[in-house]
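Reader: I have a model open and want to go through the contacts. Can you start with the charged ones?
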Amino acid sequence: HVPLSRWTVAGPRPDRALATATYWDAFYDHHEEQSGKEYDWYPGAADLELTLNQKLSVINSGGLVLHAGCGTSTLSNFLTRTHPALRFIHADFSITALDIVKRKHPELRWLGLDC
């Protein structure tokens with residue numbers, strides 16, 4: 001059995017646990033306590049820069065972009081900083097993740113949302 005994340009979830013079906021805010025709240029509490037750093041589930045923002053710039057370049061100035069499942073990744077700050085003509089809402093259903101990232105980047109727009 002291979003865990004689905006870097007943090008082991010107890011129980012018979014960890015894949016179902018990944019769909020709960022409770023799992024992610026505990027995950028971010030643990031990760032923040034251990035490292036104090038942002039957590040990038042996928043490649044970091046720099047690895048996605050070319051693709052993101054291509055996709056976002058077609059959105060008109062003032063356009064609204066929902067960054068669903070933002071967690072505490074570096075991508076939120078990267079998107080807002082590199083595309084100042086766009087409006088971003090960074091959303092996650094983990095209130096713990098949002099509390100952590102709001103302290104680091106209070107200037108960004110954050111929303112607790114189950115997408």
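Author: K104 counts as partly exposed at 30% relative accessibility, where partly exposed lies between buried, under 20% relative accessible area, and exposed, over 50% (1.4 Å probe, protein chains only). This is a predicted model, so local features need pLDDT of at least 70 and side-chain atom pairs count only at pLDDT 80 or more, while totals for chains, interfaces and linings use all residues. Residues are numbered from 1 along each chain as its sequence is written, and side-chain values use heavy atoms, with hydrogens and water left out.

Reader: Which residue forms a salt bridge with K104?
Author: E32, with the closest N and O atoms 3.7 Å apart. A salt bridge here is a side-chain nitrogen of Lys or Arg within 4 Å of a carboxyl oxygen of Asp or Glu. E32 is in helix α2 (residues 21–34) and K104 in helix α5 (residues 95–104), so the pair ties together parts 72 residues apart in sequence.

Reader: Is E32 buried or partly exposed?
Author: E32 is partly exposed, at 23% relative accessible area.

Reader: How many salt bridges does the whole structure have?
Author: The search finds 1.

Reader: Switching to α3. Which residues are buried there?
Author: A45, L52 and L56. Down the axis of α3, the buried residues fall within an arc of 25°, so they line one face of the helix. The arc is taken from the directions from the helix axis to the C-beta atoms.

Reader: And what does the face turned away carry?
Author: The exposed residues D47, L50 and Q54.

Reader: What covers the buried residues of α3?
Author: The cover includes β1 (64–68), α4 (75–82) and β2 (87–92), with contact meaning heavy atoms within 4.5 Å. Helices (H or I, at least four residues) and strands (E, at least two) are DSSP runs, numbered from the N terminus.
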